[in-house]
Structures are given as C-alpha cells and as structure tokens.
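Have a go at each task before reading its solution.

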Amino acid sequence: MGIYLDPQKAFDTVNHSILLRKLNIYGVRGTVLNWFTSYLSNRKQYVAMSKYESLFETVSCGVPQGSVLGPLLFLIYINDIQFAVLDAKLKLFADDTNLFLHDSDSVKLFLRANICMSQLCEWFKVNKLSLNLDKTCYSIFGSNHKNMTAQTLYINDKVIQNVASCKYLGILIDSDLKWIERVKYIKLKSVR
C-alpha cells in the first residue's frame, strides 16, 4: 500500500515558535538562534496587482518562500515526523510525504495503515499542520489489490480515496505496476 499525504499549505503554515524550539533541540543556539528568530519575526507582506497595492500585514507563520532558507527550515520543521509512525517508514521529499506498507493479510495491512494514519494525524495536530484530505489518497499494489475493496482507510474518521494511479515524486504509478498511466502521460505530453 502506498499512502500519498498532501500537507495543506505546508510552507505557509509552519509555526514559528515550534520551528525555533526545534532548531534549539537540533543544537542551533545563541547568536545563530537569535538570527533565525529575527529572520522569522515581524515579517511583512503585501499584494500588488497592476497599480493597486494592499496594506502591509504581519506574517505570523510560514517560512519565506523563494529563499534558500525556506525549504531548509521546512525540512527541519518536519524532520521529526519520522518518529511519529512507530510501525513503518515515511518517505519524505520536500513537502511530499508518503507512507508505504506491506502485508499479505489485507485486514492486518489496513489495521496497520489506520494506526499509522492516526499517529500521523496526532503529529500534524501537535505541529499545527493539516492534511488536505481531498488530495490525500492511497493505492494498493499487486495482483490481489482488487480483492481488498472491503477494507477502508481513514484519517480523522474521513474515508480516504483509493486510487488506481497517483503521482509520486512526479511519476505516475499505477496499482498494477504496469506503468500504463505513466506511458500515456508521456505520450500525451510529447505530442504537445
């Protein structure tokens, strides 16, 4: 099973206090921590469209995007998510968060998956992040995946969609692992 989590506005919702606490835990202290505190504090932004501009507003959360530090600070913020799930390993790349589980027994597989999702939801809640439940989905891989329709995956009591294919790190992976969807996508793109 591959579970594809979609953190909602991940870079925009990083809590500054939590991030600074995590930096301290990772050994960033003293002058350097003060520099990060200053970097994140009292940031202002506005919107400009044609000749119109909004008022400046203080940014109370999020990491600055378009900077070299933005992705690094986000990775530091989510680094401990790996300890949230006790019975599986997460695969992380920037804000792509994925969980892969395997078991020959579908009941055990879904039980483990639902426990992992519960643990992840707790981590997201504690870290003041949220999942886009409409874009979070999962796939069952292998020849027996069609026999697993009686099982359900949940996040916060909401049923998560089982999909035949999903994009993982920019590549479409189908549940049969035949790459048919990926080939169709590449053909369509090369015709344009």
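**Exercise 1: the nonpolar core**

The largest nonpolar core has 43 residues, and those with the most contacts inside it are Met1, Ile3, Leu73, Leu99, Leu120 and Leu153. Such a core is a set of buried Ala, Val, Leu, Ile, Met, Phe, Trp, Tyr and Cys residues joined through side-chain atoms within 4.5 Å, where buried means under 20% relative accessible area (1.4 Å probe, protein chains only). This is a predicted model: local features need pLDDT of at least 70, side-chain atom pairs count only at pLDDT 80 or more, and totals for chains, interfaces and linings use all residues. Residues are numbered from 1 along each chain as its sequence is written, and side-chain values use heavy atoms, with hydrogens and water left out.

Task: find which elements give two or more residues to this core.

Solution. Step 1: the elements are strand S1 (2-5), H1, H2, H3 and H4; helices (H or I, at least four residues) and strands (E, at least two) are DSSP runs, numbered from the N terminus. Step 2: H4 supplies the largest share, 9 residues. Step 3: apart from this core lies another, of 6 residues, including Tyr4, Cys137, Cys166 and Tyr168.

**Exercise 2: one side of a helix**

Task: list the buried residues of helix H3 (residues 69-78) and say what they pack against.

Solution. Step 1: the buried residues are Leu69, Gly70, Leu73, Phe74, Tyr77 and Ile78. Step 2: they lie on the same side of H3 because they cover an arc of only 155° around the axis, taken from the directions from the helix axis to the C-beta atoms. Step 3: they pack against helix H1 (16-25), helix H2 (30-40), strand S6 (90-93) and helix H4 (106-126).

**Exercise 3: two helices**

Task: describe how H1 and H3 pack.

Solution. Step 1: their axes are 9 Å apart, at an angle of about 80°; axes are lines fitted to C-alpha atoms, for helices over the stretch in contact, and angles run from 0 to 180 degrees between N-to-C directions. Step 2: H1 is therefore roughly perpendicular to H3 (65 to 115 degrees). Step 3: Ile18, Leu19, Lys22 and Leu23 of H1 meet Leu73, Ile76 and Tyr77 of H3, contact meaning heavy atoms within 4.5 Å.

**Exercise 4: cysteines**

Task: count the disulfides, each a pair of cysteine sulfur atoms within 2.5 Å.

Solution. Step 1: the count is 0. Step 2: for Cys121, the nearest cysteine sulfur, in Cys116, is 11 Å away. Step 3: the sulfur of Cys137 is 3.5 Å from that of Cys166, too far for a bond.

Note on methods: Buried means under 20% relative accessible area, exposed over 50%, partly exposed in between (1.4 Å probe, protein chains only). Angles under 35 degrees count as roughly parallel, over 145 as roughly antiparallel, 65 to 115 as roughly perpendicular and the rest as oblique.
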